[in-house]
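Please load the model in your viewer and display it as a cartoon. The stops below proceed from one selection to the next.

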Amino acid sequence: MAEKDDTVHYDGPSGGWGSLKGVARIFGKEWATPMALETLRRQNKPGGFMCVSCAWTKPEHPHPAEFCENGAKATLWELTERRCTPDFFAKHTVTELQGWKDYDLEQAGRLTQPMRYDRASDKYVSVEWNEAFQAIGAELKALDPKSAVFYASGRASLETSYLFALYARLYGHNNLPDSSNMCHETTSVGLKKVTGSPVGTCQLKDFDLCDAIFFFGQNTGSNSPRFLHTLKSAVERGCRIVTFNPVREKGLISFVDPQNPVQMVTQNATEISCLYYQVKPGGDIAAIMGMIKHVLAVEDRQWTEQEHHLLDVDFIEQHTHGFDLMVGKVKSTTWEEIEQESGLTRTDLEAAGQVYCDAEKVIGIYGMGVTQHVYGSQTIGMLVNLLLLRGNLGREGAGISPVRGHSNVQGQRTVGISEKPELVPYDYLKKIFEFDPPPEKGVNTVEACEGIIDGSIKAFVSLGGNFVRAIPEREQMEAAWTKMRLTVQIATKLNRSHLINGEIAYLLPCLGRSEEDMQEGGAQTVTMEDSLSMIHGSVGKRKPASEHLLSELAIVAGMAKSTLAPKPTIKWDEWVGDYGKVRDLIEATYPDKFKDFNARMFTPGGFFKGNKARERIWSTDSGKAEFTTPTTLTGVGVPDKEGRYRMITMRSNDQFNTTIYGLSDRLRGIEGTRDVVLMSPKEIAAAGLAVGQVVSLVSDADDGVHRQVDGLTVTPFDLPDGCIGAYYPEMNPLIPLWYHEKLSKTPAAKGVPVRVLP
């Protein structure tokens with residue numbers, strides 16, 4: 001591994017003065033008003049405004065400032081004084097705007113009026129709301145419903161998501177992909193297979209009780225920085241944290257709490273991870289195999305010498321299935337194989353395994369560094385194997401906790417955004433609304449893309465997000481996108497997806513979550529679900545960016561009324577007038593999760609929707625938690641070969657998903673550009689390249705398709721051998737559509753086969 005001084009890096013800790021400077025920079029750049037500070041004061045607090053950024057949970061007893069650097073950036077980004085008006089679109093053709101960078105598009109400011117794409121002039125022109133709704137409805141009525149896709153970004157509220165899913169099913173399809181398909185669908189499929197639950201089992205209180213935390217492929221410092229307060233507290237009371245990640249991310253190395261005056265003055269950082277291992281991309285299966293191998297060896301030795309079990313044999317006997325097969329696989333796998341595939345030594349993995357052995361209560365954490373691999377489900381299965389060995393599922397202070405991205409991406413699935421009919425309570429929908437929901441499975445993100453390419457998908461309605469920019473195979477997808485009949489985009493700011501249009505296209509601007517949502521019944525509340533399955537209410541207070549904006553819920557209802565025939569049980573106007581009535585519908589549809597919804601939505605810390613696996617009720621095929629036997633030691637779906645690298649797509653400290661706040665990736669020491677390819681000095685030398693040289697990346701997938709991204713500067717960075725890094729979404733053109741997780745079809749963006757061309 002390269003010496004740090006040979007690489008681009010950041011010497012400071014996460015948090016600290018750097019975090020405060022990052023917020024101040026965005027505050028000034030967005031020309032945010034002093035009232036933005038009042039919004040930040042209320043952010044993530046009971047009865048306040050819930051952040052539109054990450055899905056990390058909100059505590060019952062919040063800090064004075066319960067927001068992180070990126071959460072503040074997201075709020076200031078939404079409260080910008082910039083406006084993207086009809087005058088802006090009159091000055092720029094869509095073709096011209098396609099040449100703008102993502103950052104520059106969003107810096108045009110908040111959208112202010114509904115727009116229609118005029119193909120003759122290649123410009124967006126303003127349109128009245130009712131005219132837009134009528135035109136969209138007419139187009140959808142003329143199509144086979146199954147040829148339409150209704151996509152949902154992870155920011156939309158529970159209320160809007162519920163009605164959006166209802167709209168789709170009343171119209172006649174289950175084509176409801178969402179942003180989870182691109183990131184954590186592997187959790188929904190893989191975790192459900194082994195625990196019976198599609199979500200994690202932990203609550204915030206578990207982090208006050210655990211003895212050890214194991215991290216796999218999750219960058220807390222940039223993607224969920226408020227989590228660092230929880231980790232700091234855990235470390236200070238003696239919890240040990242072990243991290244596996246190809247990249248040494250600052251947030252899991254050291255942290256200075258910006259709300260701790262002593263730490264801010266002394267800069268005496270809290271060291272977060274006691275062990276940090278730079279595993280090969282996709283090498284987590286092998287790494288966990290090594291830890292389990294050590295745990296089993298300690299169990300054998302302890303039983304032989306002391307006749308005392310390390311393993312929780314009663315739990316294994318009563319609550320699990322498949323233990324012997326898993327043990328047989330682990331014992332037959334050699335340390336040489338494990339070291340080869342993980343990129344780590346036996347000594348390293350035994351040390352990590354001993355931390356597990358020494359801890360009574362253990363939590364397993366993972367992110368997209370696990371889910372976005374071809375065999376991500378098997379990695380999740382291995383992590384569950386490790387936890388099951390000592391009964392670390394279904395009890396306080398222990399469990400598995402995937403860290404989600406978008407603020408309500410988990411909640412959308414809870415209230416019906418799913419292409420799978422078996423996951424939706426059709427009996428309740430039939431009873432409440434007196435209709436027969438479509439029985440056919442819908443399309444997920446990859447299948448929607450395939451349908452757009454082959455022409456079977458004719459319409460795409462997007463509830464937020466930046467779908468065209470977020471998906472793989474961008475060049476082929478953009479070419480096919482323009483052949484659709486209808487595209488509709490609901491959004492707050494301009495992005496690239498709004499510039500790749502079908503024959504008929506509408507851009508519909510909505511209120512932001514921080515803004516006051518006034519309807520016939522008065523100011524409205526929306527709700528969302530966080531990563532730990534807690535439900536929270538959110539009230540916006542800021543003046544809307546434009547008098548012409550509608551709420552997301554009102555836009556969905558407006559389209560639905562124009563598309564569907566009237567029906568006595570369907571009361572769009574009533575629901576728009578009072579979101580509490582939508583929450584009543586959610587409670588009636590999901591009575592086990594949302595009992596007394598309206599009464600509980602402002603519970604400090606949220607209210608828990610419940611999780612059977614937490615109660616050791618296993619909704620699996622066997623009725624028990626499943627030990628699984630991996631078929632591979634690597635999550636990567638293509639073999640290594642000479643000249644081929646495993647590319648990790650990465651997000652900077654100045655972005656959230658496809659939203660780019662600026663060009664500072666402070667925590668990695670990269671400033672002013674995103675056009676870089678990160679390589680270790682050893683790999684740069686081996687490839688005959690020079691630091692600062694401009695190169696291209698080309699796909700090395702064995703499918704004969706040429707995919708290439710040019711203009712990337714070689715930048716020395718601390719990475720494992722055979723691995724390179726570059727930014728998402730700029731590298732999406734290099735990801736084949738077929739290169740996805742085996743069970744969930746989540747794009748495998750953390751181990752993309754590429755070559756570097758001078």
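Begin by selecting helix 13 together with strand 7 (212-216) and strand 8: the helix lies across both strands and runs at about 155° to strand 7. Contact here means heavy atoms within 4.5 Å. Axes are lines fitted to C-alpha atoms, for helices over the stretch in contact, and angles run from 0 to 180 degrees between N-to-C directions. Helices (H or I, at least four residues) and strands (E, at least two) are DSSP runs, numbered from the N terminus.

The model is predicted, with local features requiring pLDDT of at least 70 and side-chain atom pairs counted only at pLDDT 80 or more, while totals for chains, interfaces and linings use all residues. Residues are numbered from 1 along each chain as its sequence is written, and side-chain values use heavy atoms, with hydrogens and water left out.

Now show the whole sheet: it is open, has five strands in the order 11-8-7-13-14, and its pairing is parallel. Two strands pair if DSSP finds at least two bridges between them. Strand 11 (275-277) and strand 14 (399-402) each have a single partner strand, so one side of each is left without a neighbour in the sheet. On average, neighbouring strands are turned by 15° against each other, direction ignored.

Select strand 13 alone. Is this strand buried or exposed? Five of its five residues are buried, so strand 13 is largely enclosed by the rest of the structure. Buried means under 20% relative accessible area, exposed over 50%, and partly exposed in between (1.4 Å probe, protein chains only). In a regular strand the side chains alternate between the two faces of the sheet. Colour Val362, Gly364 and Tyr366 for one side of strand 13 and Ile363 and Ile365 for the other; all are buried, and both faces are covered.

Then inspect the pairing across the sheet:

- Strand 7 and strand 13 pair in the parallel sense over five bridges, and Ile213 stands opposite Ile363.
- Strand 13 and strand 14 pair in the parallel sense over four bridges, with Ile365 opposite Ser401.
- Strand 8 (residues 240-244) and strand 11 pair in the parallel sense over three bridges, and Phe244 stands opposite Tyr277.

**Two helix pairs**

Two packed helices are described by the angle between their axes and the distance between the axes. Return to helix 13 (residues 284-306) and helix 19 (residues 376-388), whose axes come within 9 Å and cross at roughly 15°. That angle makes helix 13 roughly parallel to helix 19; angles under 35 degrees count as roughly parallel, over 145 as roughly antiparallel, 65 to 115 as roughly perpendicular and the rest as oblique. Show the side chains of the contact: Asp284, Ile285, Ile288, Met289, Met291 and Ile292 come from helix 13, and Gln378, Thr379, Met382, Leu383, Asn385 and Leu386 from helix 19.

For a second pair, select helix 2 (residues 35-42) and helix 3 (residues 69-78), which pack at an angle of about 135° with their axes 10 Å apart. Helix 2 is therefore oblique to helix 3. Ala36, Thr39 and Leu40 of helix 2 meet Ala72, Thr75 and Leu76 of helix 3.

Move to the open sheet of six strands in the order 5-4-17-16-15-6, where the pairing is mixed. Strand 5 and strand 6 (148-152) are at the edges, each with a single partner strand, so one side of each has no neighbour in the sheet. Here neighbouring strands are turned by 20° against each other on average, direction ignored. Five bridges join strand 6 to strand 15 (residues 459-463), and these two run parallel. Select Tyr151 to find its bridge partner in strand 15, Ser462. Helix 8 (residues 158-171) lies across strand 6 and strand 15, at about 170° to strand 6.

**Two single residues**

Centre the view on Thr445, in helix 22 (residues 445-454). At 2% relative accessibility, Thr445 counts as buried. Beyond residues up to four places away in sequence, Thr445 touches Tyr151, Pro177, Asp178, Asn181, Met182, Phe467 and Ile471.

Finish at Glu128, in the loop between strand 5 (123-126) and helix 7 (129-141). Glu128 counts as exposed, at 59% relative accessibility. Its C-alpha atom is separated by 9.3 Å from that of His548, 420 residues apart along the chain.
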